[in-house]
Amino acid sequence: MHPRAAWLAMAMHGARQSFNPTALRALARVARRPSLMVPHLECDDVAALDYAALRSRGFRAVVFDKDATLTLPYSYDVPVASREAIAAAQAHFGAGQVVCLSNSAGGPDDADGAAARQCEASLRMRVVRHRTKKPGGIDELLSSLDE
């Protein structure tokens, strides 16, 4: 897809998404504590992460976002690098500890779960179903992970 067409598709889909008051409340909290915005780990993409090192440092799970992390926004095509990163994460953490938390799949805008099911099939990982948009959904996320 041409980059301009991808941007237009994303903008049109974004206009249909519901209002996200949870994100506005989180933004207000972060504005009062700017240190929350300092990244602790930075990489070009998920393929650059060292999942073995993360596991050895005590990380117990990997939570991916879908749009613009594993796929192009609002796409279900998974690039080879993302597919390899998912497989590496699952090899080090176990499939039950590697999930996707997305607003476009499994969230309140996906009431019938069709996007979540399509996302699970293309990503080959579980998509967390959640009632509120991110940064909400933490309760559902935590209960979805293996102990």
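**Figure 1. The largest pocket of the predicted model.** On a 1 Å grid over the protein atoms alone, a pocket is an open set of points where a 1.4 Å probe fits, with protein on both sides within 12 Å along at least five of seven lines, and its lining residues have an atom within 4 Å of a point. Grid points are joined across faces, edges and corners, and the volume is the space filled by probe spheres set on the points. By this rule the largest pocket holds about 240 Å³ of space. It is lined by 15 residues, and Leu41, Leu49, Leu54, Val62 and Val63 are the closest to its centre. Two or more lining residues come from each of α3 (51-56) and β1, with β1 giving the largest share, three residues. The lining divides into 12 nonpolar residues, one polar and two charged. Here Ala, Val, Leu, Ile, Met, Phe, Trp, Tyr, Cys and Pro count as nonpolar, Asp, Glu, Lys and Arg as charged, and the others, Gly among them, as polar.

**Figure 2. Overview of the chain.** This is a predicted model, in which local features need pLDDT of at least 70 and side-chain atom pairs count only at pLDDT 80 or more, while totals for chains, interfaces and linings use all residues. Residues are numbered from 1 along each chain as its sequence is written, and side-chain values use heavy atoms, with hydrogens and water left out. The protein has six helices and three strands, in the order α-α-α-β-α-β-α-β-α from the N terminus. Helices (H or I, at least four residues) and strands (E, at least two) are DSSP runs, numbered from the N terminus. Of the 147 residues, 35% count as buried. Buried means under 20% relative accessible area, exposed over 50% and partly exposed in between, with a 1.4 Å probe and protein chains only.

**Figure 3. Two loop residues with positive phi.** Ala68 lies in the loop between β1 (62-64) and α4 (80-93). Its phi is near 70 degrees, a positive value in a residue other than glycine. Ala68 is exposed, at 62% relative accessible area. Arg124 has its place in the loop between α5 (114-123) and β3 (126-127). For Arg124, phi is near 60 degrees, again positive in a residue other than glycine. Arg124 is exposed as well, with a relative accessible area of 58%.

**Figure 4. Cys100 and Cys119.** A disulfide is counted for a pair of cysteine sulfur atoms within 2.5 Å, and the count here is zero. The closest cysteine sulfur to that of Cys100 belongs to Cys119 and is 4.4 Å away, so the two are too far apart for a bond. Cys119 is likewise in no disulfide. Cys100 is buried, at 0% relative accessibility, and Cys119 is also buried at 0%.

**Figure 5. Lys66 over the ring of Tyr76.** The charged end of Lys66 sits over the ring of Tyr76, 4.9 Å from the ring centre. A charge counts as over a ring if NZ of Lys or CZ of Arg is within 6 Å of the ring centre and within 35 degrees of the ring normal.

**Figure 6. Ala95 and Arg126.** Ala95 is in the loop between α4 and β2 (98-100). With 52% relative accessibility, Ala95 counts as exposed. Ala95 and Arg126 are 31 residues apart in sequence, and their C-alpha atoms are 8.4 Å apart in space.
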